[in-house]
Amino acid sequence: MKISDIAPEQRPRERLFAGRGNELSDAELLALLWGSGRKGKSIIEIAYEILSQTNGFVGLMALGLEELKELKGIGPAKIGQLWAVQELVRRSKRGNAKKRISSPREAGEYLLDHCTGWTEEHFGLLALNIKSELIAERILSKGTAKGTMVTPREFFKEALRYGATTAIAFHNHPSGCTEPSREDRRLTAKLRAAGETMNIPLVDHIIVGSDNYYSFRSFEDWEVGGSL
């Protein structure tokens, strides 16, 4: 639908200032954020196309910067606006205090909330400081519903970048099952060994399912150092 096809009083901005902002669809909210489309395509049409690529608004808000860059139909300006909205939401959740993650349960519950809506497998890092406070959360790899890969080099390069003293690896299983695969166990062992070498202990690896999680620290023979 083009803006010109909508009666003036029914357009997103007019409805917002008439006190009807709660009626706006996800696409209309994106249209408000972005403002204008491009030649031959209205901003509402673009918004619907973007939402169709991400399986809706929840999927869109779960994307990292590199994933946002892969979206077809929007350029750097609109990508920057989306990322800014995500960051504002993250900061509003954190407030002035850093999130402290000092147990497998806290890590698992935090990640369950953050991985909601992911239909592809993501592999990421939680970088912690000496007080077990979260200083960075990064998605390092994104794959298909069948899996994704990351190397210890990539993982600890990011941990070093943020000055982490300990690190947590995490990834989701789109199937919903949290049982570790042989490759999950192999990669965890490699990350633990690399962490000991880098003096940035891997204190856990969390696998996130649909409504539960698996902590390697809770269920495996885990002797590596760290504050978790």
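Q: Which residues does Gly195 touch, not counting residues up to four places away in sequence?
A: In this predicted model, Gly195 touches Phe156, Ile200 and Pro201 when residues up to four places away in sequence are not counted. To touch is to be in contact, that is, to have heavy atoms within 4.5 Å. The model is predicted, so local features need pLDDT of at least 70 and side-chain atom pairs count only at pLDDT 80 or more, whereas totals for chains, interfaces and linings use all residues. Residues are numbered from 1 along each chain as its sequence is written, and side-chain values use heavy atoms, with hydrogens and water left out.

Q: What makes Gly195 count as buried?
A: A residue is buried under 20% relative accessible area, exposed over 50% and partly exposed in between (1.4 Å probe, protein chains only). Gly195 has a relative accessibility of 1%, and therefore counts as buried. Gly195 is placed in helix H9, and its C-alpha atom is separated by 8.4 Å from that of Thr166, 29 residues apart along the chain.

Q: How is the angle between helix H8 and helix H9 described, and why?
A: Helix H8 (residues 152-161) packs with helix H9 (residues 182-198) at an angle of about 45°, and their axes are 10 Å apart. This value makes H8 oblique to H9. The cut-offs are under 35 degrees for roughly parallel, over 145 for roughly antiparallel and 65 to 115 for roughly perpendicular, with the rest oblique. Axes are lines fitted to C-alpha atoms, for helices over the stretch in contact, and angles run from 0 to 180 degrees between N-to-C directions.

Q: Which residues make the contact of H8 and H9?
A: From H8 come Pro152, Phe155, Phe156 and Leu160, and from H9 come Lys190, Leu191, Ala194, Gly195 and Met198. These residues comprise seven nonpolar, one polar and one charged.

Q: How do you know how many helices and strands the protein has?
A: The protein has ten helices and five strands. Both are DSSP runs, numbered from the N terminus: helices are H or I with at least four residues, and strands are E with at least two.

Q: How do you know how many disulfides there are in the whole structure?
A: A search of the whole structure finds zero disulfides, a disulfide being a pair of cysteine sulfur atoms within 2.5 Å.

Q: Why is Cys115 called buried?
A: Its relative accessibility is 8%, so Cys115 counts as buried.

Q: What makes Cys177 partly exposed?
A: Cys177 has a relative accessible area of 44%, and therefore is partly exposed.

Q: Is Ser132 buried or exposed, and what shows it?
A: Ser132 has a relative accessible area of 1%, so Ser132 is buried. Ser132 is found in the loop between strand E1 (122-128) and strand E2 (134-142). Its phi is near 65°, a positive value in a residue other than glycine.

Q: Is Lys131 buried or exposed, and what shows it?
A: Lys131 has a relative accessible area of 53%, so Lys131 is exposed. Lys131 is found in the loop between E1 and E2. Its C-alpha atom is separated by 8.5 Å from that of Ser102, 29 residues apart along the chain.

Q: Why is Asn55 called exposed?
A: Asn55 has a relative accessible area of 59%, and is therefore exposed. Asn55 lies in the loop between helix H3 (43-53) and helix H4 (57-61), and has a positive phi of about 60° although it is not a glycine.

Note on methods:
Nonpolar A, V, L, I, M, F, W, Y, C, P; charged D, E, K, R; others polar.
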